[in-house]
Structures are given as C-alpha cells and as structure tokens.
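The following note sets out points for a colleague reading this model. Please keep the structure in view while going through them.

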Amino acid sequence: MAKTAKFDRDEVIDKATNLYWKKGFHATSMRNLQDEIDMRPGSIYAAFGSKDGLFKQALRNYTDMGLAELQLLVDQYDSPLAALKAFVKSQVVDTQNSAPNGMCMLAKTLGELTEDNQDLVDTTKSHLGEIAEAFASLIAKAQAAGEVNQGKSPDELAQHLQIQISGLRTFGKITADKALLKDKIEDMFKHYPF
C-alpha cells in the first residue's frame, strides 16, 4: 500500500515561493527549504523531483497569484485602464514593504540565472509571457472602450508595461516616497506610448 503525503502541498509551495522570492534560487539551500517548509530533503525530492522542480512550482504559484490579482481588479473596476493602473500600483507601491524583497520574483529570477539553468530561465520567460498576454488582452479592452489609442499594438503596450513595472519596483527600492511612485504610475499612462 502506497504512503499518502502528510503535508499540505499548497502551503508548502506558498512557503517555498516566499523563500525563493526573498533569497533567490541559488541562495536558497536545501537546508533553508527544509527549515522553511518543514520537510526533509528526501521528502522534497519525492514530492517535487528536485530543488528545480519545487522552484518551478514556486514560479507557477507566483505567476498564478499575479494573474488572480489582476482578474480580481478587473472584476472590481468598470474601466480596463483603471484595473491596469490599480494592478501596477499594487505591484509597485502596495507591496513595496510587504513583498519578500520588493522585486518581481520573475524579473529577479531572470537577472540571477544563467544558461546553466536554461530550463528555469525558459519557464520564467513563459510565465512572463502569460502575464504579458493578460496585459495585452486588458489593453485591447481599454482600446475598445476608448481609453487607450487604438493605433498602438496591445502586445507592444503590454511589453512596455512590464518594463515599467520592473523599473518602478527597482526605483521603489531607492525611494520610500509612495506619493512619488504613484505620480510615476500616473505619468506612465499619460505619456508615450499610451
């Protein structure tokens, strides 16, 4: 008879996500994982295949959290553009002190990993692509509502938005001035290319 898992998989992935997000992939040791998620290395390997396997689950979890938050804001706001602004604000301003390190986990991962971890790099790029697709879809809705110039490519605007979010999160580590960050977000949607 097979043994059943004696852990909450979602809880373990949440804890691992926060640890990887805070420390990064390479700085997170198996000992760190063991202490954080309360599982022995053998159990981690049995449940997730490897440290890389658990990291992939953490990346998926992080991406799903972002997409769920975006959908929650879409449901909350009548305006697609207002939902996008609220999302950017939540990512840049609201999580400035509460996120494990104030940075996007996906952007941090791309900055950390090299071709030695190409599979993880590809996974991260794929997740960023999912987020860009969600942005592009929302931007197309904003264009249909007359909130954004229809002469602009939703895909290009989505890429621009991702670049701006990464830059603003980095800038947020330089300044604690939330009013300034909010002004930068408003400016982003008032000027080129929006």
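1. Thr124 is buried, its relative accessible area being 0% (buried means under 20%, exposed over 50% and partly exposed in between, with a 1.4 Å probe and protein chains only). Thr124 belongs to helix 7, residues 118–144 (helices are DSSP runs of H or I with at least four residues, strands are runs of E with at least two, and both are numbered from the N terminus). The side chain of Thr124 comes to 2.8 Å from the backbone oxygen of Leu120. Leaving aside residues up to four places away in sequence, Thr124 is in contact with Leu59, Leu106, Thr109 and Leu110 (contact means heavy atoms within 4.5 Å).

2. The model is predicted: local features require pLDDT of at least 70 and side-chain atom pairs pLDDT 80 or more, whereas totals for chains, interfaces and linings use all residues. Residues are numbered from 1 along each chain as its sequence is written, and side-chain values use heavy atoms, with hydrogens and water left out.

3. The chain contains 9 helices and 0 strands. Its C-alpha trace spans about 60 × 40 × 35 Å along the principal axes. Of the 194 residues, 43% are buried. Among contacts with a separation of 6 or more, 67% are between residues 24 or more positions apart.

4. The whole structure holds 7 salt bridges (a side-chain nitrogen of Lys or Arg within 4 Å of a carboxyl oxygen of Asp or Glu). One of them pairs Arg60 with Glu130, with the closest N and O atoms 2.8 Å apart. This pair links distant parts of the chain, as Arg60 lies in helix 4 (residues 51–76) and Glu130 in helix 7, 70 residues apart. Arg60 is partly exposed at 25% relative accessible area, and Glu130 is partly exposed at 25%.

5. Lys15 and Glu11 form another salt bridge, with a closest N–O distance of 3.2 Å. Because they are 4 residues apart in helix 1 (residues 9–23), about one helical turn separates Lys15 from Glu11. Lys15 is partly exposed at 31%, as is Glu11 at 39% relative accessibility.

6. Asp94 and Lys89 also meet through their side chains in a salt bridge, at 3.1 Å from N to O. Salt bridges with shared partners join Arg60, Asp64 and Glu130 into one network.

Key
Polar contact = N/O pair within 3.5 Å; in protein donor to acceptor, adjacent residues only side chain to side chain.
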